[in-house]
Amino acid sequence: MLCQFSFKNFRSYKDEAVFDLQAVATSKDETKNFKDSLLRDSDGKEFLPVSVIYGPNAGGKSNVIRAFHCVVAIVMNPIYRLKSGIDDKRIPFDCAPFNFDENSAYNPTDFTLFFRPDDEYEYKYFISLKQEKILEENMYRKELKKCSRTLTVFERSKGEITLGSCIRKASINTQINDSLPLLSSLGINYKLEPIDRAISWFKSCVVFNYADYVQEKIKLEQNDEEKQKFLSLINEMGINISDYKIENLPETNSHNISVEHIVNDKSFIMDLIDESEGTKKLFNFFPYALKAISCGGVLMADELEVKLHPKLLKYIIMLFKNPEINTKNAQLVFTSHDISTMKSTVFRTDEIWFACKRADESSDLYSLYEIKDENGNHIQPTAAFDKQYLEGRYGADPYFRNMMD
């Protein structure tokens, strides 16, 4: 599980932004409504299965997803390239600093992650880099069931590396290139339990961007059981597809996907590329969603609602919030402009986030739970979130009032 993610000096974010997936103590009414949807760990702490980020265009929503995408790519790309020998799995990223002042371009970009790869440990990973050179990198962990103190896995600062007792071995080489994360290097070259746990978590994190959709990237399962699960969900959404087939095209190193429709007891075959954009998106997105749910991964998606009917968007959200389906503590984080799901029947106040621009063009990130009314009270869970958002009460104003004027 992702517990908390913070970053600083990344794209439109000049100051530190903190994105927290720890469930807060909310009112009794709200707690009752979402009693079963929260993810509970072995130490009794509760975390959010879903979070959504709203805000105006150019407010900074996508940059939260990009920041997470960036730190995952920094860690995993060397492993895909050097250990697995799979260069085409490398994740493109751009770790650009804040542009609109005189100092940020010369300052490092920082990322901090608190995560739980399983129900035994919580990790803290920090990396600071400037122009792809790593200035500082630290990792710590604590055992959950014993409530033990936090122990050092490794620390790296100004070229000096200190290994914690859990991985300290005479054979480990600490002389590495300053552009290579120590976490990646240790994962590539050594079999170390604390490192392997962390790497397995990073590997389970996926960032989905439909704007980068191509048919060759669709990750459909050919296993019969997984295939039927996928088709069952598609048909629950009212999309009549009884089967699909994948044809490999060696000459282009790609594949073609065809789908079967049964109409009046007759079979009709179509290429997936001729289906609606919404159907193509579901074929592209759902394999990642099912993979996250089956292994307990983190799935982040930018503008998830694009090409989807609002009811389908709600259906996807509720998959992750259903404890009978989401048994492995998977999490979905997405950005959206669709406010049809911005309701207390779908989200808790701590699951709704906003990104907006300040006067100096830097972005700000905050949750609905942090907002208080004129009397200092939190927003009530019975409030009309969508209506109040459009009225500009939550900041992150979509400017509809200005447009009407």
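## Packing of helices H3 and H4

In this predicted model, Leu183, Leu186 and Gly187 of helix H3 make contact with Ile195, Ala198, Ile199 and Phe202 of helix H4. By class, the residues of this contact comprise 6 nonpolar, 1 polar and no charged. Two packed helices are described by the angle between their axes and the distance between the axes. Here the axes of H3 (residues 182–189) and H4 (residues 193–203) come within 10 Å and cross at roughly 110 degrees. Because angles of 65 to 115 degrees count as roughly perpendicular, H3 is placed roughly perpendicular to H4.

Leaving aside residues up to four places away in sequence, Ile195 touches Met139, Val153, Phe154, Ile167, Leu183, Leu186 and Gly187.

In soluble globular proteins, nonpolar side chains tend to be buried together. The largest nonpolar core of this model has 54 residues, of which Phe68, Phe111, Phe154, Leu183, Ile195 and Phe202 touch the most other members. Helix H2 (residues 61–83) gives the most to this core, contributing 12 residues. Another core, of 53 residues, lies apart from it and includes Val259, Ile316, Leu332 and Phe334.

## The sheet of seven strands

An open sheet is formed by 7 strands in the order S2-S1-S6-S7-S8-S9-S10, with antiparallel pairing. Its edge strands are S2 and S10 (160–163), each of which pairs on one side only. On average, neighbouring strands of this sheet are turned by 10 degrees against each other, direction ignored. Strand S9 (residues 151–157) is joined to S10 by 4 bridges, and the two run antiparallel; within this pair, Phe154 stands opposite Leu163 in S10. Helix H3 packs on the sheet, where H3 touches S7 (121–130), S8 (133–143), S9 and S10, and the direction of H3 makes about 115 degrees with that of S9.

Ser6 is found in strand S1. Ser6 counts as buried because its relative accessibility is 5%, and the cut-off is under 20%. Not counting residues up to four places away in sequence, Ser6 touches Glu16, Ala17, Val18, Asp110, Phe111 and Thr112.

## The sheet of three strands

A further open sheet has 3 strands in the order S12-S13-S14, again with antiparallel pairing. Strands S12 (243–249) and S14 (266–271) are its edge strands, and each pairs on one side only. Neighbouring strands of this sheet are turned by 25 degrees against each other on average, direction ignored. Strand S13 (residues 254–263) and S14 run antiparallel and are joined by 6 bridges; Ser258 stands opposite Asp271 in S14.

## The hairpin of S17 and S18

Strand S17 (residues 352–357) pairs with S18 in the antiparallel sense over 5 bridges, with Ala355 opposite Leu365 in S18. The hairpin of these strands has 5 residues between them, and in this hairpin Glu361 takes a positive phi near 75 degrees. Of the 5 residues of S18 (residues 363–367), 4 are buried, so S18 is largely enclosed by the rest of the structure.

Definitions and conventions: Residues numbered from 1 in each chain as written. Predicted model: local features only at pLDDT ≥ 70, side-chain atom pairs only at ≥ 80, totals over all residues. Heavy atoms only, no water. Pairing = 2+ DSSP bridges. Axes fitted to C-alpha atoms, helices over the stretch in contact; angles between N-to-C directions. Parallel < 35°, antiparallel > 145°, perpendicular 65-115°, else oblique. Contact = heavy atoms within 4.5 Å. Nonpolar A, V, L, I, M, F, W, Y, C, P; charged D, E, K, R; others polar. Core = buried A, V, L, I, M, F, W, Y, C linked by side-chain atoms within 4.5 Å. Buried < 20%, exposed > 50% of the residue type's maximum accessible area, 1.4 Å probe, protein only.
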